[in-house]
Amino acid sequence: MEPSCLRYHVSGFGSRMIWLCFLLVLVLQSCSPALSDSPYLVGMGSYDITGPAADVNMMGYANAEQIASGIHFRLKARAFIVAEPNGKRVVFVNLDACMASQLVTIKVLERLKARYGDLYNENNVAISGIHTHAGPGGYLQYVVYIVTSLGFVRQSFDVIVNGIEQCIVEAHNNLHPGKIYVNKGDLLDAGVNRSPSAYLNNPAEERSKYQYNVDKEMTLIKFVDDELGPVGSFNWFATHGTSMSRTNSLISGDNKGAAARFMEDWAEQNGMPKQGAHVTKDGLEYLHKISGLPRRVSSIIPEPNEITDDLVQLASSYEASGGRRLSGSSITRRIRSSQQNKPKFVSAFCQSNCGDVSPNVLGTFCIDTGLPCDFNHSTCNGKNELCYGRGPGYPDEFESTRIIGNRQFLKALDLFNSASEEIQGRVDYRHTYLDFSQLEVNVPSSTGGEQVVKTCPAAMGFAFAAGTTDGPGAFDFEQGDVKGNPFWRLVRNLLKTPGKEQVECQAPKPILLDTGEMKEPYDWAPSILPIQIIRIGQMVILCVPGEFTTMAGRRLRDAVKEVLTSDSSGEFNDIHVVLAGLTNTYSQYITTFEEYQIQRYEVWSIDIVWPSHLECLHPGVSETCYSHGCKQRGPNKFPTSRYVGQANWTAPRRHV
Ligand SMILES: [Zn+2]
């Protein structure tokens with residue numbers, strides 16, 4: 001499906017002229033992407049998705065009083081496309097938004113189908129969110145996510161759908177032969193565990209395998225266009241987008257959005273992308289030197305000035321017309337076309353298993369006494385609303401955002417500059433939908449054998465209303481200011497009392513809202529979720545529709561890695577597995593079974609989709625979901641090559 005000039009020319013000739021084709025092959029070799037030294041076609045794109053900057057509830061803290069009233073800095077969608085010449089291709093989009101939305105994904109895919117037919121579809125397109133809690137809300141379809149925005153917000157939705165479409169179009173138009181490199185490294189000071197008591201309930205033997213109680217590793221892929229040189233990078237690192245607090249009212253990409261802007265500004269200042277551009281060590285040293293940056297992110301992130309430059313240049317080129325009218329539209333066209341043709345450096349900072357990871361690294365303190373909060377409950381004298389995490393810029397949240405963003409940026413830059421492992425191998429993908437409200441799962445039984453257990457519909461516990469130390473008291477249904485809203489009145493009157501079976505299934509969590517069984521005026525929570533894997537050579541991206549905690553993410557990555565590397569072909573021996581959280585749709589938190597017993601915020605809200613007393617993250621399920629794509633249950637002990645063979649990357653995708 002690639003526009004190879006070779007194919008175009010050859011197809012027009014008859015068999016008797018075949019010798020001419022051979023000649024043409026020789027002549028046209030240089031213009032065929034398939035004949036490039038580089039193994040892939042790579043394309044980058046980005047587009048604004050800032051949305052309505054006033055009078056719209058912000059997504060993340062579920063705080064009805066957090067209403068947008070301006071812009072800290074603008075939001076973007078950033079995309080890469082990687083294709084094998086004449087082979088498969090994948091698209092990954094990273095949004096400066098709280099999370100992906102099923103409805104947004106569906107609409108984007110519709111638009112891509114209208115433009116490109118079947119080239120881009122649900123199988124090979126992944127759309128992920130950075131988890132900023134400072135973007136406009138109302139763009140998800142499930143009731144529970146749009147309660148505080150008082151329903152669906154068309155403006156929020158439209159700008160995100162449009163921005164994703166445009167950045168994919170741009171990436172598609174930029175597809176050129178290029179190379180991709182991967183690099184990994186630890187970033188120690190950009191995240192802490194905000195539910196350490198739950199983490200400690202994981203088996204000691206398992207915990208002893210890890211130095212930290214959060215993942216410190218950042219994985220980065222670097223894109224190098226054959227002609228333009230470096231054109232961008234995407235990285236995955238786990239830390240919440242909660243440097244900006246629940247009382248902030250300025251639209252912001254939080255720490256990851258800031259990091260992306262820092263890196264793109266750095267690239268622009270260093271003349272990227274252009275042919276032959278090389279990153280110098282001097283450039284990096286200079287960056288470290290200037291780390292004493294101004295306090296406000298907005299003052300150190302200039303708006304792109306290309307348009308202004310172009311206008312000035314264009315205006316100065318015109319002389320007096322002697323009364324002849326100038327065509328304004330042609331000027332606009334010239335500026336726009338020059339913008340579109342200008343290659344951009346695109347750098348995305350993507351979210352990973354951030355479920356229990358806070359960027360407020362100084363710890364949690366009581367705002368009344370200044371003392372540390374209670375370790376197990378994150379309370380101050382029994383009150384959760386007084387306990388807040390402190391970012392490194394405390395008490396200035398803009399400064400905290402800048403510092404955590406800057407730390408991620410500098411680590412990404414180090415990895416970018418030193419990346420030397422080239423990605424090689426096939427481009428592939430798997431995607432399926434699973435109904436998590438009625439999965440049957442094999443888990444170990446207390447008697448030493450195994451038993452089949454069944455999941456149940458989603459429900460939300462009381463702890464969800466208590467929020468976290470990044471946003472205490474979130475989702476306060478007691479707020480009086482929603483009583484007058486007809487939408488909220490309607491849904492409130494339809495609240496459901498959970499049945500005995502559901503209560504037992506969700507135990508030990510007391511059910512606040514039985515969301516999985518609430519269907520009026522439409523579904524409150526998703527039960528059927530998309531599960532997807534993207535493969536680019538030795539890089540494997542697990543696209544999951546929620547926030548995995550640190551240990552849950554480790555279990556999933558390890559399970560997938562073990563399955564793939566047990567393949568006797570050795571194809572996956574040097575594999576890198578990253579977990580891309582909050583992708584394609586949103587189903588809240590996913591914890592380990594042990595963490596669930598502690599009933600922190602993450603586990604009390606987890607069961608929006610994932611059931612309570614069943615260990616959905618059992619490796620057997622992980623293998624089932626991510627290697628097989630479906631209901632065929634994996635073995636109790638994971639993984640086995642028997643299943644790997646059936647789920648081989650080269651095998652046709654199996655829908656169940
Ligand atoms: Zn979160």
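A residue is termed buried if 20 or more other C-beta atoms lie within 10 Å of its own, exposed if 12 or fewer, and partly exposed in between, with C-beta atoms placed from the backbone. Strands (E, at least two residues) and helices (H or I, at least four residues) are DSSP runs, numbered from the N terminus.

Strand β17 (residues 427-435) runs antiparallel to β24 and is joined to it by nine bridges; here Asp435 has Ile528 of β24 as its bridge partner. Two strands are said to pair if DSSP finds at least two bridges between them. Strand β25 (residues 539-543) is also antiparallel to β24, with five bridges, and in β25 the bridge partner of Ile533 is Leu542. β24 and β25 form a hairpin with two residues between them, and Gly537 in the turn has a positive phi of about 60 degrees.

## Model and confidence

This is a predicted model, in which local features need pLDDT of at least 70 and side-chain atom pairs count only at pLDDT 80 or more, while totals for chains, interfaces and linings use all residues. Residues are numbered from 1 along each chain as its sequence is written.

The average pLDDT, the predictor's confidence in each residue on a scale from 0 to 100, is 77 for the protein, and 71% of the residues score at least 70. Over residues 276-284 the pLDDT is below 50, and the model gives this stretch ten contacts beyond near neighbours in sequence. Residues 290-307 likewise stay under 50 in pLDDT, with 23 contacts beyond four places in sequence. Two residues are in contact if their C-beta atoms, placed from the backbone, lie within 7 Å. Where pLDDT is low, the predicted coordinates should not be read in detail.

## Overall composition

The protein has 20 helices and 28 strands. Of its 656 residues, 52% are buried. Among contacts with a separation of 6 or more, 78% are between residues 24 or more positions apart.

## Surroundings of Phe92

Phe92 lies in strand β5 (residues 89-95) and counts as buried, because 25 C-beta neighbours fall inside 10 Å. Leaving aside neighbours within four places in sequence, Phe92 is in contact with Ala79, Phe80, Ala126, Phe234, Ile534 and Ile541.

## A three-stranded open sheet

An open sheet of three strands has the order β3-β2-β7, with antiparallel pairing. β3 (67-69) and β7 (135-136) stand at the edges with a single partner strand each, so one side of each is left without a neighbour in the sheet. Strand β2 (residues 54-59) pairs with β3 in the antiparallel sense over two bridges, and the bridge partner of Ala54 in β3 is Ser69.

## Packing of helices α3 and α4

Helix α3 (residues 102-116) packs against helix α4 (residues 154-173) at an angle of about 45 degrees, their axes being 9 Å apart. That makes α3 oblique to α4. Axes are lines fitted to C-alpha atoms, for helices over the stretch in contact, and angles run from 0 to 180 degrees between N-to-C directions. Angles under 35 degrees count as roughly parallel, over 145 as roughly antiparallel, 65 to 115 as roughly perpendicular and the rest as oblique.

The crossing of α3 past α4 is right-handed, a term used if the near helix is turned clockwise from the far one by less than a right angle, with anticlockwise being left-handed. At this contact, Val104, Lys107, Val108, Arg111 and Leu112 in α3 meet Phe157, Ile160, Val161, Ile164, Glu165 and Ile168 in α4.

## Backbone geometry

Asp55, in strand β2, has a positive phi of about 65 degrees although it is not a glycine. Asp55 is exposed, with 10 other C-beta atoms within 10 Å. Asp254, in helix α7, is not a glycine either and has a positive phi of about 55 degrees. Asp254 is buried, with 32 other C-beta atoms within 10 Å.

A cis peptide bond joins Met272 and Pro273, with omega about 0 degrees; Pro273 belongs to the loop between α7 (254-269) and α8 (281-289). Glu520 and Pro521 are also joined by a cis peptide bond, with omega about -5 degrees, and Pro521 sits in the loop between β23 (511-513) and β24 (528-536).
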